[in-house]
Amino acid sequence: MTLVGRAGELAALEELIADTQKAQGRSILIRGDAGIGKSALAWEVERAAKAEGFTVLRCAGVRSGSLAGYAGLHDLLRPLFGGLGDLPDRQRAALEISFGRREGDSPDRLLIGLATMGLLEEASTTSPTLLLVEDLHWLDTSTAAVVAFVAARLGGLSASLVATTRVDPAYPDWESAFTTSLTPAPLDDDTSRALVLDHTPGLDDTLMGLILEQARGNPLALAELSAIVPDDAVSLSSTKRLPTTRRIESTFLAEVGLLPEATRSALLIAAAGEDAPYDEIVAAIRSAGGSEHDLIPAERFHLLQVQNNAFVFRHPLISSSLYESAGTLEKANAHQALAGAAKDAGRAARHRASGTLGFDEDVAAEIEATAIAAAQQGAWVEATGAWRRAATLSPSPDDRARRLVAAADSARQAAAPGEAADLVGQAKPIATDPELIWQIAQTEWMLSVTAVYRGPSTAELVTLAQGQPNAAKGLEMLVWAAATCYLQGQTLDVRRTVHEQLESVPDGVDDVLRSVGFALADPQVRFDDPTVALKRFEGKVSESDGHLLNLLAFATENSNMQTAESVWSAAVELYRNLGQVANEAAGLCGRGVVRAVLGRLDLAVMDLEQSIQISQDLNLGVVLAMGLAGLARVQAMQGYRERTQETLDRLRLRPEGEVVARIAAMGAWASGLLALQHGRFAEAFAELQGTSANPPIALWAGADLVEAAAGSQQGHLVSDWVTLAETTAESADSDHLRMLVHRARALLSYGDEAHQHFELSIEYGARTEARVDVARSQLLFGEWLRRERRIREARSHLANAKRGFEEAGAAILATRAAAELRAAGVANVDTSFEEQAEMSRSLTAQELLAAQLAATGLTNKEIADRLYLSPRTVGAHLHRAFAKLGISRRSQLQQAIGGVGRLAS
């Protein structure tokens, strides 16, 4: 068949085929109203691809299949299941669980997307591959999200994707994920006239004008309206004021109206059960008093046909217009018939729910079972819809509230915070059971730490905890309140209230958790030994436990950053083993921030880059913003001026910084450090004052604030920080903080007093693993000694500082130390590190991450599992990294990236 009026679109599709053959895969989304010719273009590109020897993988959405998670993806990937064994273990498990091929914890959608990419990458090495997705707007949302994930990642592959979708506010808009979009325009009058005459030769000018006016260039409308002229010109005139799609639907309904009543009833059942196989449709028709022979007239009218063991309508508008025009009772009866014939329990439950008018607890329970099954498959969007529908069917307010809360938590896990908030809002007024009230608070609190959502205030959490008869759950609420204090920088009065309520909890309820609460509510409280606390989480698998483990890590940061790093590492390992990718992103972010404070910049970058990548894929706004703030600080330490500014610019576009005080404080720290590193002391001081938004961050950023104050002659303004840090250092027994306090006092002192404080700073620093802070104390001491004309003494400290900065990868500070050494009269200062740093700077974040892990001996498959990439993507990153570094073997990586990119022990 030759398509008329579509030369531009066909050329774009031909170019896609050619690019795919050159391993330049792309994605095209064909958008438009019903009947504009989207399917015809899809058929044309499929024909062209097969002619060139492509493997074509296809799936299609159906109007009635919205609650079956990953059904479309299963259809799309079925021919590739033989390659499942080549995937990294966690990715293979995620895909198999989502398809019901094995049991396991709910898989993360990122792992499912990566597994899909892995299968496609392998398939495309055998033959060029085309993915064809029709009616994306009707595809189950979980599959559609994977399609969008793939659409944005086909560059460099011999695989491309073409999808069709309607343009309608009622449907999700996936356009931004695609490389290109095509929106076929209405045909012009000359092309329209030729198309009409092809269908109805010799048509007179009056009727031709009427058709052209009604069809408005829509190919399907032109064809269908031509079919009823001249027999039904009066009917055509009566639809003159309808939109084009409605006119086409009216035309189809007019055709259906000519059929016997039994045929129309059978067609309605077929339309209501588009996702059902042939035998179920026939059984449903029989149970409604009809026969499969009733469909013969519809087949003769070419309204539908049997294809691949299913009834397929000539055009989706036929089934949708049939269904939408039917009465409520007619549709309910059709669904009840389908429910009785369905062999799949989930499909039966969905039809029974669609066929139920009013409340019905039995049906609500069936739908709830499908929600649980969808959640186990990781299809959170479909689970949310099922729980929401179960709630509407629930006669009991308590059951309705319970299911609304489950729907809200499911929506949260589907990265739909707006929908989760709406569902919570519906549940709150009718929830009376303390367990439900606790679940609502838990969902709201977890929303508030992962998205832009103002959850319950500290005071509200305290009040809820007081009304909770279960002491353990009340304690957990108080710990959430303490965490809110920690993250949002609450006033002393609020902290005291939380502290008093924690004291009122009886001993023995959960002493470990209570100690976490104390440490979060009051930064002066020392959390001594987290080893016992970590045992509390052994074998725990719930998401709530994951957040509590994060809180334990936060609680240890005030007293001991090394201990905090070990707790964050335990959390990351737990989340990775459990496949809780969103929690892992939060854990990586937390550990990255701590590692940055400890001066383990290479490891910090790895953690933060991974966290940012995962957070982008999973729409974790708060974690993403926190990761960007942490990364900007590390980049400033490394001396990447442009990269730091780019990261800060990305952070400023995020709304989370205005809601979460910890993010605002971290961003201020990064901005201030960037200015400080380049000698802009007054600007640095102004920026660093913003760290006061979050006291724990302000505590650790204070040493930079003092350095900026001293450099801008404003030292008298930082005495409060020195006093607070000194007190905290003693109460927490933190040598790291003592080092910072003595460095600060040295910068604010003169003569022998300054000398003494510098020496104490270095002495305390030697007891820590905070290599960058130790080196900074040595650098500042060396600079002070040189100004005091104590050159020989200065050289030793400056050399130690340079070595420490090089080991940590702090390029700008290493360069500064080298310059000071030359100024101190040291000839032939080694500059090899600066050259290495410049070379490593040419690598992208992903290339450097892959190179760092490859340097430790990991295989591409192991790196892919670690970085949430496909093995072939890892190979591509390493190939580009080798080229930039001028090496050809993995064994050369360690030397090539050296101190700048080396993984610290």
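**Exercise 1.** How many residues has the largest nonpolar core, and which residues have the most contacts inside it?

*Solution.* Keep in mind that this is a predicted model. Start with the count: the largest nonpolar core holds 210 residues. Next, look for the residues with the most contacts inside this core, which are L77, L520 and F805. Then turn to the helices: helix 32 (residues 621-638) contributes the most to this core, giving twelve residues.

**Exercise 2.** Find what L77 touches, leaving out residues up to four places away in sequence.

*Solution.* With those neighbours set aside, the list for L77 is L95, F99, T116, L119 and L120.

**Exercise 3.** Is S749 buried or exposed? Where is S749 placed?

*Solution.* First, locate S749: the loop between helix 38 (735-747) and helix 39 (751-765) contains this residue. Second, compare its relative accessible area of 11% with the cut-off, under 20% for buried. S749 is therefore buried. Third, follow its side chain, which reaches the backbone oxygen of R745 at 2.5 Å. Finally, beyond residues up to four places away in sequence, S749 touches A754 and H757.

**Exercise 4.** Classify C59 as buried or exposed, do likewise for C589, and then find how many disulfides a search of the whole structure gives.

*Solution.* C59 has a relative accessible area of 4%, so this cysteine is buried. C589, at 4% relative accessibility, counts as buried. As for disulfides, searching the whole structure turns up zero.

Terms used:
Residues are numbered from 1 along each chain as its sequence is written. This is a predicted model: local features need pLDDT of at least 70, side-chain atom pairs count only at pLDDT 80 or more; totals for chains, interfaces and linings use all residues. Side-chain values use heavy atoms; hydrogens and water are left out. A disulfide is a pair of cysteine sulfur atoms within 2.5 Å. Buried means under 20% relative accessible area, exposed over 50%, partly exposed in between (1.4 Å probe, protein chains only). Helices (H or I, at least four residues) and strands (E, at least two) are DSSP runs, numbered from the N terminus. A polar contact is a pair of N or O atoms within 3.5 Å; within protein, one must be able to donate a hydrogen and the other to accept it, and residues adjacent in sequence count only if both atoms are side-chain atoms. Contact means heavy atoms within 4.5 Å. A nonpolar core is a set of buried Ala, Val, Leu, Ile, Met, Phe, Trp, Tyr and Cys residues joined through side-chain atoms within 4.5 Å.
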